[in-house]
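Reader: Hi! I'm new here, could you walk me through this one?
Author: Happy to, let's have a look together.

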Amino acid sequence: MKKVQFTETVLRDANQSLIATRMAYDEFAEILKTIDRAGYYSVECWGGATFDSCLRFLNEDPWERLRNIKAAMPNTKLQMLLRGQNLLGYKHYPDDVVKKFVERSIANGIDIIRIFDALNDTRNIKVAVEETVKNGAIASGAISYTTSPVHTLENYVSIVKEMAQMGVSTICIKDMAGVMSPKECYDLVAAIKDAVDLPVVLHTHMTTGLGFMTYLKGIEAGADVIDTAVSAFSGGTSQPSTEAMNHVLTQYGYETGLDTSVVKEVNDFFKPMKQKDLESGLLDPRVMGTDSDALNYKVPGGMLSNLVSQLKQQNAIDRFEEVLEEVPQVREDLGYPPLVTPMSQMVGVQAATNVLLGERYKSIGKEVKAYLRGEYGRAPGKVNEELQKKVLGDEQPITGRFADTLEPIFDKTKEEQKEICRCDEDVLSYIAFPQVAEKFLRDRMAAEENRCDYTIEQID
Ligand code: CO
């Protein structure tokens, strides 16, 4: 029997794409044991924006969240999303930090690390991939999918071959904007299957409404795993629904391994949460619809919901359409980067700045400047030379791997922050988000004077 497996995203990507990653551990803790029985290939539950959100908004230790999920779901592979050399942050970290982060993620319960680089610059995923393999976890090499004059099948296939050489166990096509069409997916999966002997995982969003068709064609071409969300948290800027895909694939004779009655229990649990989030305004109906404009703008789900909330805060939500229209121009000027973190934020903020100030590049973001200096890696295409000149002057952009210019910082930071950091995980939280983590760690110290420290050994 033909086999297709599912990765459930409700705890990470659906949560991130629909409700800005505000789902607290206590809100979903109760359902974890049920999810563990559903028969998923894996559950994506950590990484991406969850780490930042735990510390910044939810007053949660992200590492503790991971250990708790692991304890409640011993039978399911836990998966995280890692932005290569950016880890879970927005800039490149030195190799010692990348290695330590990967090692501690696995020690705390992660089984699969999906690793991507926003520019598909493979130099930026190599250290994380090798460290994942070394620590016995599954490294999934992800290509950030986009369409542009410089993103060709040949280009993607050569990236995939490099990933295979690095030792990844699976290849993921990560279509964060939901712009991959069924035909594009079919052709790309077929080309990858032709080039390497590795399972292919599909990741898309329903933003433009193509998702179900795209998955079906991708599976026809040989894809092995798909990312879906239980229906209450599916659709719109989130993933295609788990139940719908399972229903269709089962009819076509695929073995999915899912227990539909358990998946229903999971969905029944999340239904009232969705209703509550709609009522509170956390879930904006705008992100639940189908928007084919994204086929032009290439704007991923998380970026859409972030833009909406940023413009609302600035009382400028009426400029939303204009900002969306500015996005492709900024993207072209930057050499067609795929719009995924951190490029999505950089391009989104720059597009909003251009529109709100009424003049293109009157003010240029710090990160965009760093990008033009080469601090994020190789741009996929040519950047606007005039813009680059405006930022760099006579300075030459970096062409080597940026992390090679960074000094190790883990041991030094551990020593400097020993007052607030009680374990290596705390040090990593601090390095990832210094101000936010410092506040979190100090508050925790004040609140938990008498609490015993955990030991990792108790979890497995
Ligand atoms: Co996604």
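Author: A word to start with: a residue is called buried when its relative accessible area is under 20%, exposed when over 50%, and partly exposed in between, using a 1.4 Å probe and protein chains only. Keep in mind that this is a predicted model, where local features need pLDDT of at least 70, side-chain atom pairs count only at pLDDT 80 or more, and totals for chains, interfaces and linings use all residues. Residues are numbered from 1 along each chain as its sequence is written, and side-chain values use heavy atoms, with hydrogens and water left out.

Reader: Okay! Is Asp-13 buried or exposed?
Author: Asp-13 is buried, at a relative accessible area of 4%. His-205 is buried too, at 3%.

Reader: Which residues coordinate the cobalt ion?
Author: Asp-13 (OD), His-203 (NE2) and His-205 (NE2) do, at 2.0 to 2.1 Å. Donors here are N, O and S atoms within 2.8 Å of the metal (3.2 Å for Na, K and Ca), and since water is not among the atoms, sites may look incomplete.

Reader: How are those donor residues spaced in sequence?
Author: The pattern is D-x189-H-x1-H. Asp-13 lies in helix α1 (residues 10–19) and His-205 in the loop between β8 (200–203) and α10 (211–220), so this pair ties together parts that are 192 residues apart in sequence. Helices (H or I, at least four residues) and strands (E, at least two) are DSSP runs, numbered from the N terminus.

Reader: Switching to strands, what does β3 pair with?
Author: Strand β3 (residues 42–47) has six of its six residues buried. Two bridges join β3 to β2 (residues 5–8), and five join β3 to β4 (residues 77–82); both pairings are parallel. Strands pair if DSSP finds at least two bridges between them.

Reader: Which residues stand opposite each other?
Author: Thr-7 stands opposite Ser-42 in β3, and Ser-42 has Lys-77 as its bridge partner in β4. Thr-7 also has a bridge partner in β9, Asp-227. β2 and β9 (residues 225–228) pair in the parallel sense over four bridges.

Reader: Last one: how do α9 and α10 cross?
Author: The axes of α9 (residues 182–195) and α10 come within 8 Å and cross at roughly 25°. Axes are lines fitted to C-alpha atoms, for helices over the stretch in contact, with angles from 0 to 180 degrees between N-to-C directions. That makes α9 roughly parallel to α10, a label for angles under 35 degrees.

Technical notes. Angles under 35 degrees count as roughly parallel, over 145 as roughly antiparallel, 65 to 115 as roughly perpendicular and the rest as oblique.
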